[in-house]
Amino acid sequence: MKKLLPVILMCFLATNLWAQIPGGGGRPGMGGGQNMNMGRFYGKIVDSKTNKGIEAVSVQLIQSKFDTVSKKRNDVVIGGMFTNKNGEFSLENLPIMGNFKLKITAIGYKTLEQKVAFEMKFGQGTDMTQAIAGIDKDLGNIKIEEDAKVLESVTVTGTKPLVTSSIDRKVFNVEKNITSVGGTAVDVMKNVPSLNVDIDGNVTLRNNAPQIFVDGRPTTLTLDQIPADAIQSVEVITNPSAKFDASGGTSGILNIVLKKNRKAGYNGNLRAGIDQRGRFNLGGDINVRQGKINAFASANYNQRKSISTGTTDRLTLVNAPNTFLLQNDKNISLGYFAFMRAGFDYLIDNRNTLTISGTYVNGKFQPESNSDIRVDTLGATTTSSFSNRFNKSTGEFKNKGGLLSFKHNFAKAGKEWTADLNYNKSNNSNSNSITTSKRTSPSGPNLFPFQQLIAGGGDNQTITMQTDYADPITANSKIEFGARAQLRSINSENIISFVDNQGNPVKVPQLSSKYKNSDNVYAGYVTFQNKIKNFGYQIGLRAESSEYNGEVNTVNSNQKDTVLNYSNSFPISLFPSIFLSQKLKNDQELQFNVSRRINRPNFFQLFPFTDYSDTLNLSRGNANLVPEFTYSGELSYSKTYGGNNSLIISAYGKYTDKLITRFQVAEPSALNPSDSVLINTYINANSSYVTGLEFINRQVVTKWWDLTSNLNLFTSKINVSDPSLKQQDNVYSWFLKVNNSFKLPKNFSVQVSGDYQSKTILPPGGSGGSGGGGGRGGGGGMMMFGGAQSASQGYIRPNYGMDIAVRYDFLKEKRASLTLNFSDVFRTRRAIQYSYNDYFQQTYDRLRDPQMVRLTFAYRFGKVDMNLFKRKNLKSMGEGMQGATDGMQQ
C-alpha cells in the first residue's frame with residue numbers, strides 16, 4: 001500500500017492537470033484550474049545581522065501569465081501577506097505548475113527577489129512524504145539586509161506633510177491638523193492656506209465664497225454640518241479645469257475628501273470629547289474588507305453652546321428727520337448635530353467595482369437673542385426712544401443622501417469608464433418668536449410688548465447624474481470626456497403672524513409667502529493632456545446650459561391671493577481651459593493656467609419677495625439677475641529645496657462681467673406707505689476684477705519643528721454702471737497665516753497657528769452655487785437675526801487670532817491620544833464691518849466664542865492581514881487607497 005500512495009497521488013494530480021486544459025475533459029460548470037491550487041510556500045524572514053524574525057514584512061508571490069486580451073505575458077501577484085510577530089509567513093492554495101518569483105519588501109530593508117518553484121518528485125522509489133514535500137515547500141530562513149538610505153528617508157517621509165500640491169490643486173492633510181480635533185469643517189478651514197474664515201464660519205477663497213464639494217461632487221451640506229473627524233483631506237482648487245462644474249465663477253472649489261479606508265482587514269477608531277461649557281462630542285469609524293466586499297461606516301454626534309455679543313450703530317438718512325440707532329446684542333445658542341455615513345464597495349471582478357453609500361445628517365438648534373435698542377431722532381431737538389427685542393427660535397434640519405457608482409477598468413492601464421447617480425434631499429422646520437417692548441429709559445421696565453411669530457419650513461432635492469471616460473492614448477498623452485446633469489428643486493413656506501391683546505396669533509398674509517423653485521444644469525466636457533519631455537499641457541472645453549423656474553404664492557395689497565411666476569433659460573455656453581507646466585532644473589517648475597467660468601444666481605438671490613421677518617434688516621431677491629462670467633488666470637512657480645522643503649509663488653487675476661453684488665434701495669413701507677424703508681437686494685454690476693500675489697512656504701526647520709506659512713497680497717474693485725450709485729475705491733489688502741507643528745519628547749506634539757487679515761472690502765454677493773461656509777442649508781424658512789447689514793459699499797476692519805493645541809499619544813503603537821485645543825487665545829477674532837451708501841452709515845462689531853477649550857480622546861483599533869483576504873489584484877487594492885480622491889479626477 002505504501003508503494004501505491006505515490007502512484008495514486010500522481011494520478012490525482014495528472015487528472016486535475018488534464019481537467020484544466022481546454023477540451024481536456026473538465027466537467028461543465030467547474031473551474032478545473034481551482035483543483036490545482038494545492039501548493040504551499042512557507043518560511044521565515046530574518047534580519048541578516050541579528051538572525052531575528054522581522055514582523056510586518058510584505059511577502060508577494062508573482063507568476064508570469066498569458067493575457068488573452070493583450071496577447072502578452074504579464075507578471076501577476078497570486079498571493080501575498082505580512083509576516084507575523086516571529087517573521088513567519090505561509091502562502092497557501094497555490095498552483096503547483098509553473099515558475100514563480102518571491103518578492104520581499106520591508107521599511108528600512110533592501111527589496112529581495114528570488115525564484116521559487118515546486119519540486120514534483122514522483123516515480124519509483126518516491127514515498128508519500130517526499131511527494132507531499134514537493135508541493136508543501138519550506139523555503140527556510142530568508143535573510144534581508146538593512147538599507148541605510150531608506151532608513152534615512154523614513155525619518156523624513158514617514159508622515160504626510162501638512163500641505164502638498166499638484167498641477168491644479170493644493171491638498172491639506174487633516175490628520176496633521178490637531179487644532180480641529182473634535183470640531184467641524186469650519187475649524188479645519190481655519191488652517192488651510194489661501195482660505196479666510198470669519199467668526200460665523202463663512203469661508204472665502206481669495207476674497208470670494210468658493211463652491212463646496214464632498215468627495216468630488218457638489219453638496220447641500222454646510223461646513224458646520226460636517227465633523228472635522230470625518231475628513232481625510234481638503235483640496236483647494238483655485239482655478240478648476242473644464243472637467244469640473246463651471247459654476248461658482250468668482251472663486252474656486254473646496255473639495256472635502258471624507259475618510260474611506262480600503263485596507264484589507266478591519267480597522268477603525270473611537271472618539272469622545274468635551275468643551276469648557278459641558279458640551280460633548282462622540283464619534284467612531286470602522287472599515288472592514290473581506291473578499292470582494294469593502295464596507296465602511298462612520299458616525300459623529302456634536303453638542304454646541306455658542307455665545308456671542310455684538311454692537312451696531314447706524315445713522316439712517318432715508319427719512320427726515322434722520323435717526324441714529326445703537327443696538328447691543330447677546331446671543332446664546334444651544335443645539336446638536338449628528339452625522340452618519342455608511343456604504344460598501346463590491347469588487348465584482350478585477351476590472352469592475354460597484355459602490356453604494358449614503359449619508360444622514362440631523363441637527364437641532366435653539367438660539368436666544370436679547371437686544372437693547374436706542375433710537376435718537378435727530379430733529380431740531382433730539383429725542384430718544386428705548387426698546388428691547390427678545391428673539392427665541394427653534395430650528396431643525398435633516399439631510400439624506402445616496403450615491404450609486406460604477407467603475408470599469410479596461411485591460412489597457414489607465415483606461416477607465418465611470419458612471420454615478422447622486423441623490424440628496426434636505427428639509428428644515430423652524431419657529432421664531434420676536435417680542436419687542438418699549439422702555440422709558442435704558443434700564444426701565446418693558447412696556448407695551450409686541451410679539452411677532454414666524455413659522456417656516458421647506459425642502460431641497462438634488463439629483464445628479466454623471467459619466468466619465470478616460471483613455472491614455474500613449475504613455476504621455478491622455479484624453480478624457482464626460483457628461484453631467486443636475487436637477488434641483490426647492491419648496492418653502494413662511495408664515496408671519498402677530499399676537500393680539502388676547503394672546504392669539506393673527507396671520508399677516510401680505511408678509512407671508514409660499515414658494516417653489518427648480519433649476520436644471522446640463523453639461524459635457526472633453527480634455528486632452530500631453531507631455532513632451534519636461535513640458536506638459538492640458539486643454540479642455542466644457543459646454544453648459546441651464547434653466548430655472550419659480551412660483552410665489554402671496555397676498556397683494558388688496559388682500560387677494562396672488563401667484564407670481566418667474567423663469568429664465570440660458571443657451572449653451574462654452575468654457576475653455578488651458579493648463580501648462582514646465583519642469584526646470586534643481587526641482588523647479590513653472591505652471592500657467594487660464595479658464596472661463598460662470599456663476600448663476602442662487603434661489604435667495606432670485607426670490608422676488610420681500611422678507612419682513614427682521615424689521616431692521618429687510619431683504620429681497622431680484623428675478624432679473626443674469627449669470628456672471630469670470631475669466632481667470634494664474635502663473636505659479638514651485639521649488640523643492642533642502643530635501644523636504646517647498647515654496648510656491650502664484651500671481652493670479654480674475655475679471656468678472658455682470659458681477660452679482662449686494663446693494664440697497666429705499667422704497668415705501670408695505671405696512672406704512674408714508675415711511676420709507678431700506679431693502680437689501682442684488683444687482684448685476686458692470687464688472688469687477690481681483691489681482692493678487694500669493695506665497696506658500698513649507699519648511700522643516702528642525703527634526704521637531706515643521707513650519708507652513710501663507711501670505712496673500714491682493715486688491716479688488718467693483719465697477720457699477722448705474723450713475724446713481726457711488727463707485728467704491730479699490731483697497732489693497734493682505735492676509736497672513738502661519739502654522740507651526742512641534743514634535744516633543746515623550747510622545748507630545750504641539751500645534752500653534754495664527755492669522756492676520758488686513759482691511760479688506762466687503763465681498764460681493766457670493767457664489768451662486770454652494771455657499772462658502774457655515775451659512776444656512778437652503779430649503780427656506782431659515783432666517784438670520786442680528787447679522788451685518790448688506791451693503792453696496794464698505795470694508796471689513798483688520799482682525800487676527802491665534803489657536804494652540806497639544807496632543808499626547810500613548811498605549812502600544814500610539815493607538816490612543818488626548819488632544820487639548822485652545823482657540824482664539826487672546827480674544828481678538830472680532831468681526832468689525834463698516835458699510836455705507838446714500839441711505840445709511842453703519843458699524844457692526846461682534847465677538848463669538850473666544851478662548852474656547854476642548855479636550856478630545858481618540859483610540860484606533862484593528863489590523864491589516866493580507867493573508868485573510870486573498871484578492872489577487874493587489875494593484876487595484878493600491879489604487880483603492882486613492883479611491884477617496886479619484887472622484888476629483890472624474
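A residue is termed partly exposed when its relative accessible area lies between the limits for buried, under 20%, and exposed, over 50%. In the predicted model, Lys103 has a relative accessibility of 27% and therefore counts as partly exposed. Lys103 belongs to strand 5, which spans residues 100-105. Beyond residues up to four places away in sequence, Lys103 touches Ser58, Val59, Gln60 and Ile62, together with Thr111, Leu112 and Glu113. Val59 lies 44 residues from Lys103 along the chain, yet a distance of 5.9 Å separates their C-alpha atoms.

Nonpolar side chains tend to be buried together in soluble globular proteins. The largest nonpolar core of the model comprises 28 residues, and the most contacts inside this core are made by Val188, Met189, Leu223, Ile226, Ile231 and Ile256. Elements supplying at least two residues each include helix 4 (185-189), strand 14 (231-237), strand 15 (253-258) and strand 19 (322-349). Helix 4 gives the most, with four residues. A second, separate core contains 23 residues, among them Phe41, Val57, Leu91 and Ala106.

Two or more residues of the patch come from each of strand 17 (280-290), strand 41 (799-810), strand 42 (816-823) and strand 45 (852-863). Strand 45 provides the largest share, three residues. Phe748, located in strand 38 (residues 748-757), counts as partly exposed because its relative accessibility is 35%.

Key. Residues numbered from 1 in each chain as written. Predicted model: local features only at pLDDT ≥ 70, side-chain atom pairs only at ≥ 80, totals over all residues. Heavy atoms only, no water. Buried < 20%, exposed > 50% of the residue type's maximum accessible area, 1.4 Å probe, protein only. Contact = heavy atoms within 4.5 Å. Core = buried A, V, L, I, M, F, W, Y, C linked by side-chain atoms within 4.5 Å.
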